[in-house]
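Here is a short briefing on one protein model. Keep the sequence and the 3D view open as you read.

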Amino acid sequence: MSRVRQPPLVTGISPNEGTSWTKVTIRGENLGTGPADLVGLSICGHNCLLTAEWMSASKIVCRVGPAKDDKGEIIVSTKSGGHGTSTVSFKLLKAEKIGILDQSAVWVDEMNYYDMRTDRYKGISPLSLRPSNPLGIDFDKGKVPLKDLEALFPGVSGEFTSENFSATWYLIENHSVTSFDQLRMAASNLKKQATKKNEGSLAYVKGGLSTFFEAQDALAGRTELGSHDAGRQLETFQISYTSAIHQRLESDGTERVEGSMTQRLENVLNRASDTADTLFQEVLGRKDKADSTRNALNVLQRFKFLFNLPLNIERNIHKGDYDVVINDYEKAKSLFSNTEVSVFKKVYAEVETRIGALKILLLDKLLETPSTLHDQKRYIRYLSDLHASGDPAWQCISAQHKWILGLMQNCKEEFINYQRVGLGAIALDLEGDPRPTAFSRIRDTAPLNKGGILHTPRHGTWHYETPQQVQFVEKLSDVVIGQLPNFWKLWISYVNGSLFSETGEKSGQVEKSKKNARQRQNDFKKMIEEVTHRLVKLVRGALLPSTLTELELRLYGGWENKTELTGPWLTQVIHIVRIIFEALVALEIPNDLLQVIQDLLLELRHHCLLVTLHHTAEDVKRVAEKEDWVVDNEGITSLPAQFEQCMVQMLQSLKEPMETKPGEVNILQLDQDQASELCVDIIKVREQVEKLWKDINKVFINCLEQLSTKTDRDIDTSRMSVDLASPNLFSGIQEDFCPTLEQRLLIILSNCQYLEKHTFLNLAEHFERHGFTGTEKITRVTVHAVKELDESLFDAYIERKSDPIVGSLEPGIYAGHFDWRDCGTPTGVRNYLKEALVNIITVHAEVFTVSKDLVPRVLSRIIEGVAEEMSRLMQCVSSFSKNGAIQARLEIDSLRDAVASYLSSESHASFKQALEVLPQLHNGADKKLLEELLNKFKSSMQLQLTCFQPSNVQPVKR
């Protein structure tokens, strides 16, 4: 279905007034799609369609007809738009009516004089003075054929006004059947007409004598004013002339003879005319001059538009009214471009000169930068209407392309120059930018406390200055996002022809524009590619210089600051580049032209990932310096939480770089086939990432090991503190508490257990939540390393605590030269065993103070050593007396029952072996004695042995 067009609208007519048949140019909108579409045109109510000439949808040329109305509208009707309207009117001027007796300063054609009686023009033909029927008789109805007459009378004619007139032809043609008598009467009538004609001539002369005399008297009187002799001559001539002319006219009528009175009269009149010419020469000269001036003024008034046009063009150019200039020029061009009048040619040549200067001015303004898209379109249309040479639209596109490239390069040079002179950061016009920076996002991220709970950081702890590379990328994005969209829209307007007409007018220019655009499509594609490649190389030169060649580094590099950007700043750069990409995608630029930006984003994301991991490893190294040795209720310090916080902050900072935007690839979940199509070596990058993950975990484990082996002099006691809010403080704990080596071993052991059971599980969930896959292997390796460290530290602690206790057993048993074969009746458990139990209680208290979860593990291992030693010592005894067996069994049973809650299978086996070595008690009295002594021991050591029972007492914080 065809689109319904708007009705015609007439907005201008030139000239806007004139007489009938004046040629006018009508301008407006929707004046038809072609000559066949124009079905009606009326001016002042008169139909002018027959003289209409359709030029375009905005221009029609026609002539004004003899309308009845003096002023009226111009109405255009078309098939496509229907009956139109008009915003202007035409004034019809009536021609001035001049009669044959009216005075006029110009020549009036008397062949078409105006008859005042009939109020109409009446033509006078010269043939009307000739008689139509000289014989005065009726013509015969039956005429002889003309061919026969031509054959009878060759070379002659029957037309009596012809030089070859033949009377015979005339009579045969018109009076072939007329009687002789009628012809004789006609001849007599013809003679009378000839006589009357002669008498008429004489009467005309007689009637004009009075006029001659009056003229002679007037000349005589005029001459008397100048010469008295001439007056007398004229008076004498008057007398003789009067008498002689009467005599002569009576004698011979109007016949002229040499020396006759009429001849002399002619001579006198000639002399009088010469005298009059002499007298009135000055007056007539002034009259001719006045006529010339009046004619010149009339020409100036009539064509004042042309004569004032050069000055008007100059004034309108200064005012910027280029539309008015172009309309006036089109009007003058249509009227005077082909004129033959020299004056008009000269003025029109001056107009063309001014228009040529205007073309140069408009072209300069078009190529001037910066310029808005609206102004560019205006100037291109102006130049097109003026038929400027070349292709102004393409010239503008080329100029804009060079200007954008220059802006991008100058941006880089500006930052590098400021960097060299050390002026610091450059102020950028980024006011009103609502998007938060990457650093602000990290700042607002709540860190994790040591127990995994989020805490808000204190205000004012983040002070930073934006690196110049980041400022440069932001400034570069302002240039690209600010200029490239208008550059693209200008090309689109050039392609679809809207540069010249928004409503479908100027179809010729539109088609020419589309044709030129098709021819230059590849050239424009190269322009866009050059802009995007320049953008990418400038960003690479600032952030990824290793990806450029030496030649490219000289052109796009030159940054002296070798400090590598951190992950948050690289995240902000990625955010900026993504904004650029999204802005260009919104313009519907083909994806193949933007692929280079996608490749840059991919490399920036990889680089950001590696840099963030590297910096995280550095941060983890400094975690040991922040250890405050404050133990919470769970027996751990802030160390696991600090490690987890570092890892979570790393994942949060990588959230945006690793996020997959439309058109991007997920670099963490690519298979081998997808990775082979990318611009970077994904396999190599993954190997680097895996190595950095392992390094981070290895660094943290090393930190744990270093903390556990620090000497007292290596510990910063200024950072030590206790939880004063805890209600369960031991009296020996002071604010200046410094952990011993054994306490540090226990704290690190407790941290290792927490890392294994909680921290690494939490980190696995964080990795999965942020899309990091394939970290299970790294987690397993890390957990295994932590377990090895835990075993190492545990063995070290057991060695420090178990060896003294085990070593004190043998000297304590044989103290005082005790002999199992010769001993007295047992009275109770000896002191060596009580000392061993007190030492075990001391270890229990130390471990319980740090972490109650470690108590079973530590005491079980120590008791295993004690049980093993007791079994060895019993096996080394060659024989036991009855009292010795009761004493040995009492001490072994007391020790076993006291630490029953912490006995392991190894401990049970050792105690069993020790008891099996002893002789069996068969006497009831011996058994009763053993039982009594055992109860006595438990009763006396009840308070001390309570620590070995299950309890809900909370450990003390340190």
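Helix H25 covers residues 776–807, which is 32 residues. From first C-alpha to last, H25 reaches 45 Å, close to the 46 Å expected at 1.5 Å a residue. The model is predicted.

**A bend in the helix**
- H25 has a kink of about 30 degrees.
- The kink is centred on Glu799.

**A nonpolar surface patch**
- Leu279, Phe280, Val283 and Leu284 form a nonpolar patch on the surface.
- Together they have about 330 Å² of accessible area.
- Phe280 sits in the loop between helix H6 (261–279) and helix H7 (281–302).
- Phe280 is partly exposed, at 35% relative accessible area.

**Salt bridges**
- The structure holds 29 salt bridges.
- Side chains of opposite charge can pair when their charged atoms come close.
- Glu869 pairs with Arg872 in a salt bridge, with the closest N and O atoms 2.4 Å apart.
- Both Glu869 and Arg872 lie in helix H28 (residues 854–876), 3 residues apart, about one turn of the helix.
- An α-helix has 3.6 residues a turn, so residues three or four places apart point the same way.
- Glu869 is buried because its relative accessible area is 13%, under the 20% cut-off.
- Arg872 is partly exposed, at 35%.
- Arg622 forms a salt bridge with Asp619, with the closest N and O atoms 2.3 Å apart.
- Arg622 is partly exposed at 38% relative accessible area, and Asp619 is partly exposed at 32%.
- Lys345 forms a salt bridge with Glu340, and here the closest N and O atoms are 3.5 Å apart.
- Glu340 is exposed at 67%, whereas Lys345 is partly exposed at 41%.
- Asp893, Arg896, Asp897 and Lys938 are linked in a salt-bridge network.

Terms used:
Residues are numbered from 1 along each chain as its sequence is written. This is a predicted model: local features need pLDDT of at least 70, side-chain atom pairs count only at pLDDT 80 or more; totals for chains, interfaces and linings use all residues. Side-chain values use heavy atoms; hydrogens and water are left out. Helices (H or I, at least four residues) and strands (E, at least two) are DSSP runs, numbered from the N terminus. The expected span of a helix is 1.5 Å times one less than its number of residues. The bend at a residue is the angle between axes fitted to the seven residues ending there and the seven starting there. Patches are made of residues with over 30% relative accessible area and no salt bridge: like charges are joined within 9 Å, nonpolar side chains (Val, Leu, Ile, Met, Phe, Trp, Tyr) within 5 Å. Accessible areas come from the Shrake-Rupley method with a 1.4 Å probe; for residues, only the protein chains shown count as cover. A salt bridge is a side-chain nitrogen of Lys or Arg within 4 Å of a carboxyl oxygen of Asp or Glu. Buried means under 20% relative accessible area, exposed over 50%, partly exposed in between (1.4 Å probe, protein chains only).
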